[in-house]
Amino acid sequence: MIDCRREDGRARVPSPSFIGTTRAMDMEDSSSSPAAAADLVDYLGPDTSVTVFTMLHHPADLARASAVSRSWRQFVIDNQFSKLQCLRACPEVSTFTQVNITTTSGSRTPARRDQDTTTGPSAEDEKLHRDHRVYTHLGHGLLSPYKPRDCIIHCIGASSTDNFPDETIENTLEPVDHLESNRPSYWSSGGQRDPAVPECLIYRLQADLCLIQEIKLQPFKAFFQHGDPIYSPKSIRIQMGYPRSPLRPEALVCDENEGQLIDDRNYVWTYTSPEFPMLQENVLQSFKLPRPVLCIGGVVKVELLGRVQKQAIDGLYYIW
């Protein structure tokens, strides 16, 4: 059994609207001073202001700062603070080469019209405003509290299967070892004489962007074999990425098809986890990633490294 889950635990920082209000009160007490009418960003200067704004770690705080005035909003957009928040949360965002906004009909959003109608907005200004909208929305999704849930929607395939389709990779999505028919539910690799031969399981996630916090995997206990052996791997490793070509439904694993898209050349892997040792126990084991990872492309590969258990009937090593 396997699932992907995500969690959140980030601290909030004081709202910039509070900072602006405090400064306004100070200036009311010194209304005779020439600095009383100064904008806070102008008063601090661009370098110090950038330092202050980069300390905002939540999209809601940045949104409040953008709402203070037009000059503050432009300052936020020009310095791409919303993108910076996303990069700090998930470095994988740096692989984005371009962002676009489309309507439900598929057409792109029209150009902004709140600037000088004579000259019109520059291409660079259009890009900055577009990026600000996209990264603000993405940052809200990455940094706001959410309820963890299973992210897997389809099985793409396994590197090998011993008895297909009875021992198909699709059995790994069943939350129990026994189905209602009392048939055991598990995936089994092919047998190998060399215990170092790896295996892998590849899955399609529910969306092209998923924030992954942990992988859960359970080795299978062969209760129908003498001694109830447990066929676990020695360790596992996680890779995430995207397919080089769109995944066709007919190429995914099914009862008539073992899957045609296992070859690594079909994918670009943008993240590889550390190697996690696995216990040879028939329990659901959790492997928490060092940090939440943004899976861009919606494909996860679970690498099963090393074999522990030899099957008595044929003397070969398997992973179940």
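The model is predicted, so local features need pLDDT of at least 70 and side-chain atom pairs count only at pLDDT 80 or more, while totals for chains, interfaces and linings use all residues. Residues are numbered from 1 along each chain as its sequence is written, and side-chain values use heavy atoms, with hydrogens and water left out.

**The annotated region and its helix**

- An unreviewed UniProt entry lists residues 50-81 as "domain: F-box"; UniProt positions are given here in the numbering of this structure, with feature names shortened, and such annotations may be inferred rather than shown by experiment.
- In helix α5 (residues 70-78), the buried residues are W72, F75, V76 and I77, where buried means under 20% relative accessible area, exposed means over 50%, and partly exposed lies in between, with a 1.4 Å probe and protein chains only.
- Following α5 comes Q80, which has a positive phi, near 55°.

**Strand β5 and its partners**

- Eight of the 11 residues of strand β5 (residues 233-243) are buried, so that the strand is mostly covered.
- Strand β9 (residues 299-307) runs antiparallel to β5 and is joined to it by eight bridges, with R307 in β9 as the bridge partner of P233; two strands are said to pair if DSSP finds at least two bridges between them.
- Strand β6 (residues 267-272) pairs with β5 in the antiparallel sense over five bridges, and Y271 in β6 is the bridge partner of M240.
- Strand β7 (residues 276-277) also pairs with β5 in the antiparallel sense, over two bridges, and here I236 stands opposite F276.

**Salt bridges**

- There are 10 salt bridges in the structure, each defined as a side-chain nitrogen of Lys or Arg within 4 Å of a carboxyl oxygen of Asp or Glu.
- R237 and E275 form one of these salt bridges, with their closest N and O atoms 3.9 Å apart; the pair links distant parts of the chain, as R237 lies in strand β5 and E275 in the loop between β6 and β7, 38 residues apart.
- R237 counts as partly exposed at 24% relative accessibility, and E275 is likewise partly exposed, with a relative accessible area of 47%.
- R248 and E250 meet through their side chains in a salt bridge of 3.3 Å, N to O, in which R248 is partly exposed at a relative accessible area of 41%, whereas E250 counts as exposed at 51% relative accessibility.
- Salt bridges that share partners join R237, E275 and E303 into one network.
- R204 forms a salt bridge with D208, the closest N and O atoms being 2.9 Å apart, and D208 is partly exposed with a relative accessible area of 46%.

**A nonpolar surface patch**

- Y43, L44 and V52 together form a nonpolar patch on the surface with about 240 Å² of accessible area, a value from the Shrake-Rupley method with a 1.4 Å probe, in which only the protein chains shown count as cover for residues.
- Patches are made of residues with over 30% relative accessible area and no salt bridge, like charges being joined within 9 Å and nonpolar side chains (Val, Leu, Ile, Met, Phe, Trp, Tyr) within 5 Å.

Notes:
Helices (H or I, at least four residues) and strands (E, at least two) are DSSP runs, numbered from the N terminus.
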